[in-house]
Amino acid sequence: LARHHNPAGFLDNHLWRLHWKLDGRLTIMCENRVLRNVDTVVCPSEYMKEMFAKTYSYAGPLRVIPNLVDVELIASIPRRDIRRELRLPDDSLMVYIPSAGNIYKGSRYVCEIIRRLSSHTSKDLGFYLSGSLTPELSYELRYAPPNAKIYAPGHSSYADNIAIVKGCSFGVSPTLIESFGMTLLEASYCGVPMVTFNVGGNADVVCHGKSGFLVPYLDLESLIGAACRLM
């Protein structure tokens with residue numbers, strides 16, 4: 001069994017829409033029945049291993065095998081600099097906010113992050129928001145500071161996304177739940193330091209103070225403060 005998600009992680013959290021506890025319990029009950037016929041369980045992070053042990057009744061082998069990136073594929077993708085499309089100088093900072101419209105990835109914090117980082121400088125500041133945006137977020141972004149230059153193309157191909165990430169200065173990921181952050185891993189491989197909450201498997205990916213910063217969960221002040229230090 002490859003255990004990349006855990007239904008227990010979606011329960012009892014007030015930061016996203018309601019998830020029915022009965023559904024979670026039924027899912028765990030069904031999976032416990034399946035586990036009777038499983039020889040080995042593999043998790044992508046130490047966090048998911050701990051969560052699995054707390055959630056399920058399983059006495060067999062439990063291993064951690066981290067997710068991998070296709071280094072040859074990423075290396076083959078040319079860097080794309082979107083600064084000129086945003087009419088920014090070549091030396092402008094470009095901030096990457098992954099899956100900006102996803103409620104689980106912290107969409108409720110995106111506008112405040114943009115507002116606060118933009119207020120930290122008198123210069124124009126670029127933002128790359130990957131993924132699709134909700135109508136609510138799109139509306140809020142209309143009131144972003146005038147020096148915040150936002151590029152939000154919606155859903156893009158893997159190659160197009162990686163190309164733009166390579167041109168970013170650093171990234172901020174206010175993700176609220178994470179089993180193993182592939183986005184963080186890919187950004188790190190591209191040389192883009194990431195600031196994120198110390199939640200889920202993020203500590204398995206981000207080396208604090210070396211490849212980015214881990215800040216206490218939901219501590220938005222620390223998240224923005226660490227991003228300002230990178231600026």
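**Entry 1: the model.** I am working with a predicted model, so I read every value as computed from that prediction.

**Entry 2: two helices.** I looked up helix α4, which covers residues 110-119, and helix α8, which covers residues 220-230. Their axes come within 10 Å and cross at roughly 45°. Roughly parallel would need an angle under 35 degrees, and roughly perpendicular runs from 65 to 115. The pair α4 and α8 is therefore oblique. I also noted the hand of this crossing, and it is right-handed.

**Entry 3: who touches whom.** Which residues make the contact? From α4 I listed E112, I113, R116 and L117. From α8 I listed L220, E221, L223, I224, A227 and C228. Sorting the residues of this contact by class gave me 7 nonpolar and 3 charged, with no polar ones.

**Entry 4: the largest pocket.** Next I turned to the largest pocket, which holds about 280 Å³ of space. I found 18 residues lining this pocket. Which of them lie closest to the centre? They are H5, F10, I177, E178 and S179.

**Entry 5: the pocket lining.** By class, I wrote down 8 nonpolar, 8 polar and 2 charged residues for the lining of the largest pocket.

Technical notes:
Residues numbered from 1 in each chain as written. Predicted model: local features only at pLDDT ≥ 70, side-chain atom pairs only at ≥ 80, totals over all residues. Heavy atoms only, no water. Axes fitted to C-alpha atoms, helices over the stretch in contact; angles between N-to-C directions. Helix = DSSP H or I, 4+ residues; strand = E, 2+ residues; numbered from the N terminus. Parallel < 35°, antiparallel > 145°, perpendicular 65-115°, else oblique. Left-handed = near helix turned anticlockwise from the far one by under 90°. Contact = heavy atoms within 4.5 Å. Nonpolar A, V, L, I, M, F, W, Y, C, P; charged D, E, K, R; others polar. 1 Å grid on protein atoms, 1.4 Å probe; cavity = no way out; pocket = protein on both sides within 12 Å on 5 of 7 lines; lining within 4 Å. Points joined across faces, edges and corners; volume = space filled by probe spheres on them.
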